[in-house]
Structures are given as structure tokens and as C-alpha cells.
Amino acid sequence: MRVEIHGHRGARGLWPENTLPGMSRTMELGVHALELDVALTADRRLVLTHDLTVSAVTSADRRPIYAGDPLYPYVGKPINALTLAQLRTLDVGVRLPRHPDDPFALTQVPMPETRMPTLGAVLGLVNAYEAESVRLHVELKSDPTRPELTADPEQFTELVVEELDRHGRLDNVAILSFDWRIIRHAAELAPGTRRFALIELDTLHWNDGVGDDVPAAARAAGATTLSPEHIMVDESLMAQAEAAGLDVAVWTVNQPELAARMLDLGAAGIVTDYPDRMRELWRERGLELPLPVAPLRPVSV
């Protein structure tokens, strides 16, 4: 069985998360899958962001879209209250440490003046690279406990599926969410597309009828893969996942020693902020390494 390396938010530990330059460098490093997060703006555009409000850690205000904009500064505002034009004024290329020991601020290469991209821009980038060996893992950010910040799950899923289909990616993509309403709707709209049910202890209650057999509930919701936080993974969960017919992709694993334990338990995928570290582990274990994607060639004029 092939065991995969999934770059988390591109490769958050190495380059600014959820950005075009970060995705480019991660593909050139070599991963089996690129994971990214999307949310919906006030003007119904799909943008890459992990947070439902503009993060002060990953985003910095530079200027208002027009003088006197009452929503400025944009940092801290809901994503769904801002337009794409407003969000594109932000610099998302320099991580601001929340704590002095923020590991990502210490290891991430700054890329000042990087802008928040749309999902369409990322799909165009991957197609420009002709990166058919790289699967895109698109996490739809949704929180049923905060409906004022969250897009309607059916409409949101439809917009994402339409964008993926427009770029010819439905056969080489996975749709991910902690909100299993999205998993169910994706199963109806794109039954041939992989669907990852994300789970963690803090958000399991979002989904009705989970019970003691989480993998079975995920399968019933339409998932094709279970993606748990690593602290949930043990022999019991892996046995339940196998009984449900689900592979397991574990997040977020940044230390090779922890990754090795997850592999020994039977994980089919490791989601990591540091795919360079995982590539070393794969070499040590003789596992199939994802091929680096060739850099884009400059266009001559």
C-alpha cells in the first residue's frame, strides 16, 4: 500500500500557508497531496484562508480598498463580511508570532507582499505546473456553532465542486471538512471524488449520531477516508476504520518519531507542516517518495 505525504496548508512550516508561492515550492519539493483551506467572501468568492475571521497571525493590513472604508482595518473582521478586493489588500506572506516560541514563525521563510489567493488561482497554478501527480485536498471551513460566520453548507459545497469541475480536477482532488453536512452533500454532487471526514475531540459534537464507532459514522455520512487528529489514533480506532473500509490520514504530524508511530499503526497518509522531514523518514523506510514537480519555465516574449 502506498503511504502518502500531505502538505498541510501547502507546507506551513516552510512557507506562508495557503499562498501561491507556498504551493509552488511545496509541489517542487514533492508531496503526494497539497492540503488547503477555503472560505466564502461577502461577494461569494472562494478564497484560501484557514480562519473564518482574518487572522492577525497570518495577515497584516496594508491599506483600505478606498479611503474611509468603515470596515478597515480588515484584520479581525469576518471573511464573509469582506469582499475579495478588500481581502486582496492584505499581506499574507509574513507570519506574525502569537508567542515568542511560535515554531512556524521560526522556520517559515517570509514572502512579503503575498496576496490571499482564490481557489481558482490555485487550480490554475496546479494546471500550469501540469502537476497531475499531486492531488489537491480542499478543506471547506465551516462551523455549525457559528452560523453567522459560516456559509450555507450546501451552497458552499456546490460552489467548490463547480470550481473544481471547471478546472478539470474532480478526479484528482479530495473534499475535506469537520462539518459532515459538507461531506454528505459532496457525496451527492461528486460521488467519484474522495471525501475526508476530519475529526478532533473538540468538534465531534458538530455531527449528529457519531456514537462510539466514529469511522462507521463517517462512512455513513459519505466519507471515503477518515482524517483524525493524531492524539485520537490508536489500535482501536484503526481497527474500526478498517472494518468501515476507510483509509486513515492523520493530522498534523511534524515530528518523524510521531509519524513513524502512525505508520506502524497503519496510517495511509501523514498530514504535515514539514514535508521535507517526512521525505527523510520515507527514504529511511524505503517508502515510495512523491516526485518533485518540475519548476515552471519562464515564458519568452
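**View 1. T114, a residue in a loop.** At 9% relative accessibility, T114 counts as buried, a word used for residues under 20% relative accessible area, with exposed meaning over 50% and partly exposed in between (1.4 Å probe, protein chains only). T114 is found in the loop between helix 3 (103-107) and helix 4. Helices (H or I, at least four residues) and strands (E, at least two) are DSSP runs, numbered from the N terminus. Which residues does T114 touch, leaving aside its neighbours within four places in sequence? They are T19, P21, L90, D91, V92 and G93, where contact means heavy atoms within 4.5 Å.

Two notes apply to every view here. This is a predicted model, in which local features need pLDDT of at least 70 and side-chain atom pairs count only at pLDDT 80 or more, while totals for chains, interfaces and linings use all residues. Residues are numbered from 1 along each chain as its sequence is written, and side-chain values use heavy atoms, with hydrogens and water left out.

**View 2. Helix 1 and its surroundings.** Look along helix 1 (residues 20-29) and you will find these buried residues: P21, G22, M23, S24, T26 and M27. Their cover includes strand 2 (33-40), strand 3 (46-48), helix 4 (119-129) and helix 10. At the start of helix 1, a side-chain oxygen of T19 comes to within 3.1 Å of the backbone nitrogen of G22. After helix 1 comes G30, with a positive phi near 115 degrees.

View 3. R44 sits in the loop between strand 2 and strand 3 and, at 45% relative accessibility, counts as partly exposed. E113 is likewise not a glycine, and its phi is positive at about 70 degrees. Is E113 buried or partly exposed? With a relative accessible area of 43%, E113 is partly exposed, and its place is the loop between helix 3 and helix 4. A further detail is the cis peptide bond that joins Y72 and P73, with omega about 0 degrees. P73 belongs to the loop between strand 3 and helix 2 (84-87).

**View 4. Helix 5 with helix 6.** The axes of helix 5 (residues 153-166) and helix 6 (residues 180-189) come within 9 Å and cross at roughly 50 degrees. Helix 5 is therefore oblique to helix 6. Angles under 35 degrees count as roughly parallel, over 145 as roughly antiparallel, 65 to 115 as roughly perpendicular and the rest as oblique. Axes are lines fitted to C-alpha atoms, for helices over the stretch in contact, and angles run from 0 to 180 degrees between N-to-C directions. From helix 5, the contact is made by P153, E154, F156, T157, E158 and V161, and from helix 6 by R181, I182, H185, A186 and L189. By class, this contact has six nonpolar, two polar and three charged residues. Ala, Val, Leu, Ile, Met, Phe, Trp, Tyr, Cys and Pro count as nonpolar, Asp, Glu, Lys and Arg as charged, and the others, Gly among them, as polar.

**View 5. Helix 9 with helix 10.** Here the axes of helix 9 (residues 256-265) and helix 10 (residues 275-285) come within 10 Å and cross at roughly 55 degrees. The two helices are therefore oblique to each other. P256, A259, A260, L263 and D264 of helix 9 meet R277, M278, L281, W282 and R285 of helix 10. By class, the contact has seven nonpolar, no polar and three charged residues.

Note on methods. Polar contact = N/O pair within 3.5 Å; in protein donor to acceptor, adjacent residues only side chain to side chain.
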